[in-house]
Amino acid sequence: MVNLADYKSFAIFPALNVARLGNADEYYVCSEIPGVYVGKGNPKFKFKDDKDKSLIKPQAARFRIYGYDEDGNNLGEINLKDNKFKGKVTIKWTVVLANKKASHKSFSGIKETDRTIRNADWPYNRSTLEAISEQTLASDDKKQNSREFKARVYRYNVEYNVEDKENTEDGHELYLGKMIIEKEGSLLIIGGKGKSGCIKNTLITDYANNDYWYDDTSDGSIEAIVKIDGTEIPNRAGKSWVLVAPPKFAPGIPNLVSLYQVILETQHPVKTEGGNPVIDPVIPEAGRTKVEYYRDIYPIFETVCKNSWVNERGYRGHGLDKPGNFLSHELEKKLSTPPVKKNDVVIDEYKDLRVSILSRVRIPPQLASSFERNGQAYDYFMPPLSGGGGDVTSGYPDTYLTITRGQYLLLKKWADGDFETGSRLPEYKYNDNVKGNDSRKPTYLKNGEAYSFQEICPDPSQQVKFLNKAALEWCVGGPFFPGIEMTYLAYNEKTFCKGNDFRINSDNIQPGDINAYMALPWQADFSECNTYWWPAQRPDIVMLEDKCEKIENREIQLDDFVDWTRGFRTNEPINAPKWADMDMVNLWNKLGFIVEKQIPNNINAFVEVERDDIYRSNSKDTKEIYTLDNLHKLLGLALQVELATIPPYLYAMYSIKRRTDIDVKPRTNLYDINDMIMHKIRHVAAEEMLHASLVANLIAAIGRQPVFYSPEMIPYYPNPLPHFKHGLLMVHLAKADVENFKVFIDIEEPAPNDFLPSFANGISTKLSTGFKSIGELYCLIEKFFEKVEGIPYDTKFQLKPGMGYAPSTGTGKDGLIIVNNKDEAKRAIQLIIDQGEGKPAKADMTITATINNGKIRGETSVKDNKIKIEGILEGDVKGDVKKGEETGTIEGRIEKAKIQGIFDKNTKKIKGIFDKNAGKIKQGKIIEGVIKGVTKFKSGDQTIIERIIEGGCFEVEFETIGEGIKFERSIENLKFENGNIEEYSHYNTFKICKIYVENASDSEYRLWPVIDDPNAASYVKYPNINATATAFNAAYSYLMLLLQNAWRTSNKEENEEKENKKKKELVIGGMPALMHGVLKPIATFLAELPITADKNAGATFGYYEFTDESSPKQQLIAAVQEAYKAFPKSNELGDAVNVVNSLPDISLSV
């Protein structure tokens, strides 16, 4: 029996542990049993708050104290709830957490090619850039069992006290976490809440080094004073350490190279010759002499296959039904079968298979020749992940990850046949509950019965090894660029205590020294490493939970996966705003976790759960959803959407060659297609400006101020259309071709026909902004104006009719509406909807007419013993129309009308239809066409139209028609009945554009070969073009700033007449001049400017940051002059210089 007197020293375990960030109050504790990940086998376990999916639970790291006798024997944990220790032993914990990122050198990789430091221009003592907090907790303190870690960073004073209430303005406070002492005497460390920011409000421009930014990750030391009957006993091993890292979003998917394996091999280098092949200390010494498949090899293959659920290359090679699925029953049986000896003859049936697999594995650099290193620096070899030298680059060995030396030697012995099958390790499930007298979670389930940590592993000397392994085996062991939990310091034996496995050497490493190497802020690197880096921590692609049936039927394809960060914007590549990184800063907590799910047919899949709506409001009280704040947020989203569509539309318009650009004579009407398409896009863009103005008036009406000039309102392209279709609708700056018009049609896609009536009955209690259509957003806004009480309907900040920039709409000189009551708010919203922002699709008129002077051309094919017709119908049309109950006539022409029909051999007639709902008429389905003409109604209403025509039926009689041939026939007196003429909308306008463009030849429709999605980085090699693109960005940003000024010029001391005059000067005097005199000529010049043999430049529509060093107008003038200086012969740029000098002055501080 062990007595208290036998306890002569103690040690803290694990030696190195990991806590993970989370913004929820509730936490969970990491597993302490190797092979058991958090949540394993527990489908009810939640990584987020039950009621709010934007709150992620932090992972707490536990530290235990073990006692030792004078011979160094481990006597077991000192558990203060045990009668032996109760009232006789006290423990005083001391923890130091630190974040030194802001003061550290810039991260530039393991070779440290960049010698600069972060915040090099910081004018104060550099220690003020470090956030360090030390706290203590004692087991006999009855009043307090927890303490928080707070520190201040970017301070002015070296000495400070974070608790000093009079010193709260000195720097920025960081909450680094808290410590909790448990009843048993063990310690929990909970890290920060994932809050990152910038003291200067500058944007992220780099994956790792961003000056004046901060985050609340950290690392630090854990030490204790243990007294038995008042006498202190020594710490025999030294301090333990904690790393506070980002969440692991795929908790059940291991890393191919774990931090445990890397540190193990750093402290115990693997011998190529002699020695045991297995070095893992968790495995008893006697079991390390032989390689076992299920213990040593299977985990490697299992990791590869599990990663296929979160990585594209992994799926292509090792997905569920791929040849490289090592977990398939058939392949697993082959891989686990060692050679057998029969009659002194070794029979190795599967040696070729094993050798073949090993030949695809990239050899670690310590074992490879230079020839092998260079020859394996390609995607053909495994693993297909980036290395410590940066993004994968063919021919550069350092840019490819390799497994560790120890892992490779294990695989080599296996491939050589020097292994045993072994047996599967016992399977335990993670159980977030306590057991018996022990108050600590988790416990572990096996066959439905719960076991404590000590029951699974009763031997104390083995317990500490379990603790060390369980803490690190789920962490990233490479690549370290810089890493997730730790960086390449893990390769250096001086980082660790000699003779103490996994223990940080506190003589060489101080709190905050490990964390200092990591990205600042962590979200930047976490965002950018979105392909082939750390998919087990930060997934690349994910499978949605609703795909379980396809998984069960083994029908999944790569297309069934979606991006984990769908809905995020994309980054500009070089030294420019990183929009995706900014989104990661703000939205990391809304991303989903990837958990293991048991599917019928013996399939273990990994699917995404607990994802929050990316753009969901923070409103928690469903009873108060109809609030002024929520209405303001919705209107802000609407303004952001309107402004996000204008650049793609204008970019497409600028890509169209004008008549004057087409050097062909004589010019025929064919070339009118260019001007017609350009006019239609311009008209839609102008109406989008009107819609943005109406939304701004709605915002002003509720007493808030609209924001036009900000990075969020001037997005980078390509980007998902904000707040729509779960981020899956990607919008580009691209030329006006058929594919781009398809995107525009998707943007303006109407709400479903039955949407409005059903929506009018109520809305979801959760204010979701993952909208399916733009109309859905505006219907929700309209509902809010009906429900929200206390709207002031303030008019003093609104733009009055006659001040806007838009085509005539019949509601005023320019369509602007003063929103001074609920009815006017509804009228403004309805105007936006009526012009095409997602209005439910419906016919405006029906038509029955005769078609003459026409042609029908197409191809025939045989289907079900019938001749199927597909083609185009065109001709003059004259007949009757009906709009509601009103009747009238139409005279015009149908053009480019796609048809389908069936040729009846008996009657020698083509029976065709123009009907979307083909199920009603067996003979065919339509498609769509364009009808131009004049409608006259009995009421006297006469309108020139150009609309989409659909539906209806016709019959055309031919004497004969062949099978499987092209044909063309003239038509006269063709009866056409029950067709639908669609109403005007942006949606139908873009459909008309697409119809004309896809039916035009290259000689009829000409485009400049502009590049897709140009940005600042596109022109790095072309400084003159870059200067011109910068001038365009400055002009576009100036336009946004001008609009912001226009809605904020009201002065209480000025009368309304003077206020309106000032607003009018800004809008009428500024907008047209900017649009036509600056933006258009620069964009046109760029579109016509070649940068390669087959590509031209293009306008960038980027955010330009005006400073307070001079007025925005002076900065714009300087930028445009710089562009003209680069191209002094350009008439367009010369004209732009003249125009910018005449623009109104505007303020930056609005």
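In the hairpin of strands E23 and E24, with 3 residues between the strands, asparagine 601 takes a positive phi near 75 degrees. Strands here are DSSP runs labelled E of at least two residues, helices are runs of H or I of at least four, and both are numbered from the N terminus. Before going further, note that this is a predicted model, where local features need pLDDT of at least 70 and side-chain atom pairs count only at pLDDT 80 or more, while totals for chains, interfaces and linings use all residues. Residues are numbered from 1 along each chain as its sequence is written, and side-chain values use heavy atoms, with hydrogens and water left out.

E23 covers residues 593–599 and E24 covers residues 603–609, and the two pair in the antiparallel sense over 7 bridges. Pairing is a DSSP matter: two strands count as paired if at least two bridges are found between them. Isoleucine 599 stands opposite isoleucine 603 in E24.

Now for a sheet. E18 and strand E19 (residues 443–446) run antiparallel and are joined by 3 bridges, and lysine 429 stands opposite leucine 445 in E19.

The loop between E18 and E19 is worth a stop. Proline 442 lies in it, and the peptide bond from lysine 441 to proline 442 is cis, with omega near -5 degrees. Then there is arginine 440, which forms a salt bridge with glutamate 77, the closest N and O atoms being 2.7 Å apart. Arginine 440 lies in the loop between E18 and E19 and glutamate 77 in strand E5 (residues 74–77), so the pair ties together parts that are 363 residues apart in sequence. A salt bridge here means a side-chain nitrogen of Lys or Arg within 4 Å of a carboxyl oxygen of Asp or Glu. Both partners are buried: arginine 440 has 3% relative accessibility, and glutamate 77 has a relative accessible area of 11%. For the labels, buried is under 20% relative accessible area, exposed is over 50%, and partly exposed is in between (1.4 Å probe, protein chains only).

That pair also belongs to a network of salt bridges, whose members include Glu32, Arg62, Arg64, Glu77, Asp438 and Arg440. The structure holds 55 salt bridges. One of them joins lysine 413 to aspartate 418, with the closest N and O atoms 3.3 Å apart; lysine 413 is partly exposed at 31%, and aspartate 418 is partly exposed at 31%. Another brings together the side chains of lysine 742 and glutamate 739 (3.2 Å, N to O). These two are 3 residues apart in helix H15 (residues 738–747), so about one helical turn separates them.

Proline 383 sits in the loop between helix H6 (370–375) and helix H7 (405–415).

A couple of other backbone angles deserve a look. Tyrosine 793 has a positive phi near 50 degrees without being a glycine. Tyrosine 793 is in the loop between helix H17 (774–787) and helix H18 (822–834), and counts as buried at 16% relative accessibility. Asparagine 853 has a positive phi of about 50 degrees, although it is not a glycine either, and lies in strand E27 (residues 843–863).
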